[in-house]
Structures are given as structure tokens and as C-alpha cells.
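Work through these exercises with the structure in view. Try each task before reading its solution.

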Amino acid sequence: MEINVNNKITHLINLIYGDSFSHKDFSILQEKIGNARKVISHQRKANWDEKDVVLITYADQFQNRNEKALPVFTRFYNRWLSDSFSHVHLLPFYPWSSDDGFSVVDYHRVAPETGEWGDVAELKKSTNLMFDFVCNHMSAKSEWFNNYLNQVPGFEEFFIAVDPATDLSAVTRPRALPLLTPFTMSEGTVRHLWTTFSEDQVDLNFASPQVLIAMVDVLLKYLAEGADYIRLDAVGFMWKIPGTTCIHLEQTHRLIQLFRAITEEVAPGTVIITETNVPHKDNISYFGDGTNEAQMVYQFSLPPLVLHSVHSQNVEALCQWAQQLTLPSSETTWFNFLASHDGIGLNPVRGIIPESDILALVEKLQHEGALVNWKNNPDGSRSPYEINVTYLDALSRQDSTDDERIARFLLAHAVLLSFPGVPAIYIQSIIGSRNDYDNVERLGYNRAINRRKYHEGEIDNELECHSSLRYKIYTALKNMLSLRRQQKAFHPDSTAFYDAPNQHVLRIIRVADNGERIAALFNFNEHAQIISSGIHSGVELLTGTPVNGDSVTLNPWQVMWIKEI
């Protein structure tokens with residue numbers, strides 16, 4: 001069936017839905033896409049470059065009881081961070097009922113306590129923006145779900161009812177919670193609905209054309225409000241077929257291709273980023289053929305691999321993994337990060353490092369105060385799913401000195417900034433936050449350890465105190481960011497060569513198209529290391545020190561960025 005929109009869109013809808021997508025459905029979709037094309041005027045950046053660095057934050061990260069939270073954040077950002085970042089990833093800022101925003105009540109509104117769309121537009125004057133498209137599930141407190149319970153016309157199939165006797169043992173489970181949750185319909189019958197993540201996060205039924213149309217409408221709204229990057233949250237679970245794993249299914253990949261095709265139709269230059277906290281080989285499948293799915297995927301293996309390298313003081317697994325990294329096309333790159341609002345996922349390193357090493361890392365970090373979330377396996381056993389901890393505390397021992405804590409932290413972030421791709425830094429990292437056990441006790445879940453919100457002025461005061469840990473981390477990381485953003489060799493697409501001069505030292509050589517060359521050297525050891533830099537004459541960027549001769553000495557936990565002259 002043909003309509004007056006991109007043939008790629010039509011083709012994908014026919015592949016996914018066949019005859020179940022009616023002529024009326026096509027007409028509604030065509031009208032929505034046409035209207036969006038008329039109103040979207042914001043020009044996106046044509047390509048990424050070395051200046052692109054993303055800040056990950058909650059919109060209500062900083063609060064003042066006398067005003068909405070987003071203007072407070074904007075003031076903080078403009079004072080402390082705007083010269084270090086090109087983009088701000090605002091974690092879900094829509095009305096929500098649980099999971100710190102990821103149980104969305106209304107996709108189309110800004111949470112009243114956070115602000116209004118005008119406040120988002122005000123922040124956009126200072127930065128590019130990344131929005132979350134929480135496409136797999138929504139809140140059980142939402143109007144859409146209430147309409148489903150009442151079987152309002154158009155909402156009859158919005159969610160997924162399953163006979164609880166159905167064999168769902170093959171379904172991949174990300175959390176140790178029931179897959180089905182009973183809900184009472186308005187007429188009194190009970191339905192068991194699919195809830196992958198929690199009883200308050202009810203999975204949407206993308207097999208229904210009405211759900212697709214409603215969710216495309218949400219995507220178009222975010223594009224109209226100026227999102228430069230769109231993050232597809234928990235996207236791997238979008239399509240369900242009992243008897244399968246219900247993750248990474250072909251229909252899910254087709255839906256992502258459809259989202260990209262629609263985005264390119266109305267807002268070319270927008271970057272689609274998939275969030276799939278899974279083993280590496282599954283994660284990179286979301287690049288598709290390199291032209292038709294995500295332009296970026298989260299580099300989920302990097303955080304636990306860097307952490308493993310620091311605690312084992314051995315870079316061999318990290319180096320071997322990095323040497324095998326390949327991109328399917330020049331239209332794709334990595335979204336690199338170390339910390340986020342979630343914990344440090346362990347599934348992405350399964351198959352890269354032995355399970356015994358994973359368990360040893362978990363045990364060590366638990367001893368140092370980290371918390372752990374677990375997942376159920378098909379055989380009935382449990383495995384650690386993620387480590388809940390600030391990345392600052394994850395890297396060091398509780399009895400470490402501040403100097404060692406800072407050195408390990410900067411080492412890890414220099415690795416992040418040296419890898420090909422676009423780096424992202426969590427707000428708690430750049431302001432030097434420690435584990436927040438009070439927040440865990442108050443909110444009742446492990447991830448709260450790294451999700452503390454602050455009153456306006458609270459962090460400013462510490463950042464103004466030159467003796468504070470926050471100030472030392474903030475200033476050192478800002479300096480590193482400033483230097484990194486000036487180097488063509490750190491362009492996301494520049495060539496990267498990885499090797500390990502010995503088991504303690506990682507060396508990354510980055511070479512730009514214009515020939516600019518930087519040797520990034522990292523000592524993951526508590527003792528000094530003498531190695532070959534790979535550059536005979538240059539300048540060490542972090543200290544401004546000239547380097548002559550091939551041999552260099554790296555102090556414990558030291559980083560060098562040596563630029564060839």
C-alpha cells in the first residue's frame with residue numbers, strides 16, 4: 001500500500017505489520033509525519049567531531065524550593081559546565097511514577113516540578129540536547145494504561161495480556177522480578193500483563209498499529225522540541241513472541257529502522273542511539289548494516305572492562321577487546337561512557353573475561369561498599385547483573401588516599417576520552433560524588449547510591465573550595481576535557497591502534513585524517529613503568545612537558561597524552 005511518505009517507511013511498515021496496518025492507519029501516520037516536517041526547523045549538526053562530549057544528568061539534578069528544577073540546572077550548567085560539553089543528555093524529564101523517570105506517565109509533557117517545554121528550549125540555547133525515548137514500557141499510573149483497563153476504543157490492545165500458564169521460560173530476564181503482573185480490568189476480570197522491568201512499567205504492545213502510531217507521535221514530539229540525539233531506552237525488548245527469548249527479535253530491529261527512517265524524513269542529522277545492556281556481539285547488532293539502524297550504540301563493555309583492568313592491574317583483556325572493535329560504516333560510531341544513572345552492567349563483559357573474574361570483581365567491590373543487583377537465569381540460578389556504586393568509589397579502596405583516588409579516576413576517564421567515538425560523562429562523576437547510602441535507605445533501591453539530587457548552591461560551595469575532593473576532580477577533568485576537544489586526533493572517526501607494552505600499560509595511538517598523531521599511555525599499576533611511547537619527539541599535553549626520545553616513565557596510575565611534533 002503506497003502513501004505519500006518515504007518509500008523506505010512504507011516498506012518497513014509492510015515488513016513489520018503486513019495487512020494489519022490499514023489504509024486508515026497509513027493515512028494517520030502520513031498526516032503526523034507531514035505535520036512534523038512542516039514545524040521542525042532546527043538544523044542538526046551534520047556530523048560528529050572531537051568537540052562532541054555529552055553530559056548525562058537528571059533535569060531536576062539541582063533544586064530550589066522556590067522554582068522549577070530545570071532553570072536551576074540551566075544556571076548550574078552555564079556556570080560550571082557549558083564550556084566542557086557539547087550536548088546534555090536529559091534523563092527522562094516527563095511526568096513519572098517510579099524508577100526515577102523511566103516509568104513515564106505522559107510522554108508529551110515535562111514533569112510539572114521540573115518545568116515546561118519552554119525551560120527545555122531555554123537550556124537548548126546553551127547546548128545540544130539528547131532526549132530519552134522510553135519506548136518499551138510506560139507507567140501503570142498513566143492515562144494510556146487506564147484507558148486500556150477501561151477498554152476505551154483505540155486502546156484495547158495497547159498492552160500485552162498473556163495466559164499465566166504459557167511457557168515463558170525462554171524469555172530473557174534482566175531483573176529478578178516476575179515477568180507477568182496481574183491487573184484487574186474495569187469489568188472485574190484479571191489479566192496478566194507483560195512487565196519486563198517492574199509491576200509499574202507495563203510493556204507496550206508494538207504488534208498493535210495503534211501503539212506504533214502513538215509512539216511515532218511521541219518521537220515526532222521530541223524531534224519538534226529540538227532533540228539532537230534520541231536514546232532508545234531498553235529497546236531490545238520491544239517485540240514479544242512467547243517461546244523465544246523476546247530480545248533482539250527481527251521485528252525489534254525493523255522498528256528501529258522505521259524510527260530512523262521517520263527521523264531522517266523530518267529531522268535529518270538527528271542521531272539515534274540504542275541502549276542495550278547486553279553482551280557485546282548483541283549490542284553491536286543494533287548498528288544494522290551500518291546505514292539503517294542506530295548511528296551510535298552504547299559501549300557497554302567499556303565501564304566493567306576499565307574497572308576490571310584497574311582492580312587486576314592488568315590491561316590484557318581490555319586491549320584484546322579494543323583491538324577487535326570494528327564499525328560497519330563511517331555513518332556509525334560508539335557512544336562511550338563509564339558511569340550513568342544505572343549501575344555498571346556485567347552482562348556486556350560475559351564472554352570477554354572469565355566468569356570467575358567477574359565474580360571476583362563483584363566480591364571485591366562488595367567488600368569495598370558497592371551494592372549488587374542480580375538476575376534470574378533460565379536454569380533457576382542467579383547471576384550478578386550490575387554493580388551499584390559511583391565510578392569514583394568503584395575504582396578505589398575505601399582506605400585509599402585522595403591522591404590515589406583522583407589518579408585512578410583520571411586514568412579511567414582519560415581512557416574514555418581516548419577511545420574512538422563520542423564520550424559521555426555522568427554528572428555525579430564530574431562533580432566527584434561518593435556512594436550515597438542514605439539515599440539507598442531513603443528510596444529503597446540500590447541504584448539510588450549514584451542518583452543523589454542536590455539543593456542549589458550545595459555543590460557550588462564545594463566546587464569553590466580548592467581543598468575539596470570535588471574541586472580537585474572537577475578541575476582536573478575539565479582540563480582533560482578542554483585538551484581533548486582541541487585535538488583532531490581524538491575525532492570519533494580517527495584511526496586507533498591498541499597495544500599493551502606490558503600487562504600493566506595500555507597504549508592507544510590515535511591518528512587524524514590530517515596526520516595529527518597522539519600516543520595515549522595509561523599505567524594501570526601501583527608501580528612506575530618504563531615503556532616505549534611510540535613517539536620520538538612531541539609534547540605531553542596534560543603537563544605541557546616536551547618529550548624527546550622513545551622511552552618514557554609512567555608513574556603509578558599516570559596518564560600521558562603525547563602529541564607528535
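**Exercise 1.** Find which strands each supply at least two residues of the lining of the largest pocket.

*Solution.* This is a predicted model. Start with the strands: strand 14 (371-376) and strand 15 (382-388) each give at least two lining residues. Next, take the volume, about 760 Å³. Then go to the centre. The lining has 44 residues, and Thr172, Arg173, Pro174, Arg175 and Phe237 are the closest to that point. Last, sort the lining by class: 19 nonpolar, 14 polar and 11 charged.

**Exercise 2.** Describe the second largest pocket and say which element gives the largest share of its lining.

*Solution.* The volume is about 560 Å³. Count the lining: 23 residues. Nearest the centre lie Asp99, Asp100, Tyr445, Arg447 and Arg451. Now the elements. Strand 14, strand 15 and helix 15 (437-443) each supply at least two residues. Helix 15 has the largest share, with 3 residues. By class, the lining splits into 7 nonpolar, 7 polar and 9 charged.

**Exercise 3.** Locate the largest nonpolar core and trace the contacts of Trp144.

*Solution.* The largest core holds 170 residues. Trp144, Phe206, Ile430, Phe522 and Trp561 have the most contacts inside it. Helix 6 (residues 209-224) provides the largest share of this core, 11 residues. Now take Trp144. Set aside its neighbours within four places in sequence; its contacts are then Tyr107, Met138, Phe155, Phe158, Phe159, Leu204, Ala214, Met215 and Val218. Finally, look for a second, separate core. That one has 11 residues, including Ala519, Ile531, Ile535 and Ile562.

Technical notes:
Residues numbered from 1 in each chain as written. Predicted model: local features only at pLDDT ≥ 70, side-chain atom pairs only at ≥ 80, totals over all residues. Heavy atoms only, no water. Core = buried A, V, L, I, M, F, W, Y, C linked by side-chain atoms within 4.5 Å. Buried < 20%, exposed > 50% of the residue type's maximum accessible area, 1.4 Å probe, protein only. Helix = DSSP H or I, 4+ residues; strand = E, 2+ residues; numbered from the N terminus. Contact = heavy atoms within 4.5 Å. 1 Å grid on protein atoms, 1.4 Å probe; cavity = no way out; pocket = protein on both sides within 12 Å on 5 of 7 lines; lining within 4 Å. Points joined across faces, edges and corners; volume = space filled by probe spheres on them. Nonpolar A, V, L, I, M, F, W, Y, C, P; charged D, E, K, R; others polar.
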